[in-house]
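Please view the structure alongside the text.

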Amino acid sequence: MTRVLVTGGVRSGKSRHAVRLLGGTDTVTFVAPGRPADELDDPDWAARVDHHRAHRPAGWRTLESPDVASALRHAPGPVLIDCLGTWLTATVDDLGLWDAPADEARAAVDERTDALCAALTARDDVVLVTNEVGSGVVPPYRSGAVFRDLLGALNQFVAECCDEVHLVVCGRVLTL
């Protein structure tokens, strides 16, 4: 196994594919980099988290932390990170960047992205899941445009650190 970035649209089968890539491995660390579902008042998000938990092998260790770089440096065995979109949201929230000028937001996220990529390239056996947001409509709100632009740049940086990029569309996988 190498470093693989799995991307695609919402409900495209990205997470299922990522789990399958590591399916024969008993000692995977699953990193959930967003805010824990029990901290949010969002029943739809909680249901989605429960669905993903139910479809992972029972023996996998789950780590809920936005500190993905540290998780990559310290996790034993293979790592699955799902997903970079929730990591980015947590990062932008943590740094208070939703209303920041675009250049300032990009510089702050790039700093954390550099740390993530340094930790990523120092190891093998990593699968990362991200959202493909560049093929959709232009977001009507500034926060959506900020997220789309930052995630597009993040995906490009991480893809450069990976050996393979898999695009999942309608449950079908294309290796880019």
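## Basis

This is a predicted model, in which local features need pLDDT of at least 70, side-chain atom pairs count only at pLDDT 80 or more, and totals for chains, interfaces and linings use all residues. Residues are numbered from 1 along each chain as its sequence is written, and side-chain values use heavy atoms, without hydrogens and water.

## Helices α4 and α6

The axes of α4 (residues 84-95) and α6 (residues 142-161) come within 10 Å and cross at roughly 125°. Axes are lines fitted to C-alpha atoms, for helices over the stretch in contact, and angles run from 0 to 180 degrees between N-to-C directions. Helices are DSSP runs (H or I, at least four residues), as are strands (E, at least two), numbered from the N terminus.

Contact means heavy atoms within 4.5 Å. From α4, L84, G85, W87, L88, T89 and V92 meet F147, L150, L151, L154, N155 and V158 of α6.

## Helix α6

The buried residues (under 20% relative accessible area, 1.4 Å probe, protein chains only) of α6 are V146, F147, L150, L151, A153, L154, N155, V158 and C161. Their cover includes β1 (3-8), α4, α5 (102-121) and β5 (126-131).

## Loop residue S12

S12 sits in the loop between β1 and α1 (14-21). Its relative accessibility is 7%, so S12 counts as buried. Leaving out residues up to four places away in sequence, S12 touches V168, V169, C170 and G171.

Technical notes. Buried < 20%, exposed > 50% of the residue type's maximum accessible area, 1.4 Å probe, protein only.
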